[in-house]
Amino acid sequence: MDIKNLIIHQHKSLIEALDQLNKLLYIDSISRLILFVVDDNDRVIGSITDGDVRRALVKHKDLHLNVVDISNPNFMFAYDTEGFIDFSDYRKKDIKIIPMLDQQKRLVRIIDLDRTKAQLPLECMIMAGGRGKRLSPLTDTTPKPMLPLGDKPIIAHNIDRLISFGIKKIYIAVKYLGEQIEAYFGDGSDRGISIEYIWEDQPLGTAGALALIDNITTEHILLMNSDLFTNVDFEELYQQLVQTQADMVVASTEYKIDIPYAILEEEDRQVKRIAEKPSYVYHSNAGIYMLSKALVNQIPKQQFYDITDVMDDLLERGQRLVHVPIRGYWIDIGSPTDYKRAQDFIKHQ
């Protein structure tokens, strides 16, 4: 969005504001019609919405009032940062648009809370180099991440969700038919992000490709498989990682086992309790991880190294590993049955 379309000078009239608000309907997609009033030094001194203009016209019946006379000088804003921003207070007050200002209070960008779930200070690597043999013949000429799911490829669902959490730098580890992925997404600029491709000359496992990144600029990095269909809350994972001061957090899914018989719970062959058709719930690895940059630096270069190796080493060193259950949906598209289930699911979203 061109932020110039959202700026109006304090001495502009209500009729000019109405004209500018009306143009927003056709120029930009924005969840709330709003303008930011600036002074002669381009500093934001207030905001006006289409509702403010209507109320002023009813009250004053004057189209030539200056916008500064009806603007809200106590508008909510945030100073521009690439760090984490807690949006909860804004949402509680039904704020839809957050103006991001520099230290001179000039408008730098906006955050539309209908489209942005969070702003997380993370880079992300998506693992997309696998062959996907179980989905053959579909994957004989198409890489598994590029199989269609609804109106776009599987991997595009994940990238769009990452964007909604404010993640702007994405690495994609590619090998098998990776040219198709690179041709589809390019450098990411058309999505407002940066995409870099990490080509694996040899299979490096689910973590080995991380060691190929030259310079991770954030303190933590998100790693995820490309063949997942999920509405995982990345903000919840990040907050758990930071609040517990963990070195790594893994998203988990519940795996339930129903026993169709009565189970004897015993000690030295003496029955202590009878559990009638019990159910046991386990938490399994969901293929989504956040880990510290320091942990990435410990991954050996040009060597096959799975994420489970990272976790084993971490636990052996006595470092902190936590998990967060995914509260929404999660489908690992690894087989024709899983793919069909995801296709059926998305039809009813």
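Three strands make up an open sheet of mixed pairing, in the order β4-β5-β6, where two strands count as paired if DSSP finds at least two bridges between them. Since β4 (78-79) and β6 (107-112) stand at the edges with a single partner strand each, one side of each is left without a neighbour in the sheet. The model is a predicted one, in which local features need pLDDT of at least 70 and side-chain atom pairs count only at pLDDT 80 or more, while totals for chains, interfaces and linings use all residues. Residues are numbered from 1 along each chain as its sequence is written, and side-chain values use heavy atoms, with hydrogens and water left out.

**Strands**

- Strand β4 is joined by two bridges to strand β5 (residues 97-101), and the two run parallel; alanine 78 stands opposite methionine 100 in β5.
- Helices (H or I, at least four residues) and strands (E, at least two) are DSSP runs numbered from the N terminus.
- Threonine 49 has its place in strand β3 (residues 44-49), and with 17% relative accessibility threonine 49 counts as buried (buried means under 20% relative accessible area, exposed over 50%, partly exposed in between, with a 1.4 Å probe and protein chains only).
- Leaving aside residues up to four places away in sequence, threonine 49 touches Leu21, Leu33, Ile34 and Arg55, contact being heavy atoms within 4.5 Å.

**Helix α5**

- In helix α5 (residues 178-185), Gly178, Ile181 and Phe185 are buried; they cover an arc of only 60 degrees around the axis, which puts them on the same side of α5, the arc being that of the directions from the helix axis to the C-beta atoms.
- An α-helix has 3.6 residues a turn, so residues three or four places apart point the same way.
- Glu179 and Ala183, on the other side of α5, are exposed.
- The cover over the buried residues of α5 includes β7 (122-128), α4 (154-164), β10 (169-174) and β11 (194-199).
- Glycine 186 follows α5 and has a positive phi, near 60 degrees.

**Aromatic pairs**

- A search of the whole structure finds eight aromatic pairs, where rings of Phe, Tyr and Trp (its six-membered ring) pair if their centres lie within 6.5 Å, and planes under 30 degrees apart count as stacked, over 60 as edge-to-face and the rest as tilted.
- Tyrosine 184 and phenylalanine 185 form an edge-to-face pair, at 4.8 Å centre to centre and with 75 degrees between the planes; tyrosine 184 is partly exposed at 38% relative accessibility, whereas phenylalanine 185 is buried at 2%.
- The pair of phenylalanine 229 and phenylalanine 345 is edge-to-face because the ring centres are 6.0 Å apart and the planes stand at 80 degrees.
- Phenylalanine 229 lies in strand β13 (residues 228-230) and phenylalanine 345 in helix α10 (residues 336-347), so this pair ties together parts that are 116 residues apart in sequence.
- Phenylalanine 229 is buried, with a relative accessible area of 3%, and phenylalanine 345 is partly exposed, with 32%.
- Phe75, Phe77 and Tyr79 are linked into a cluster by ring pairs.
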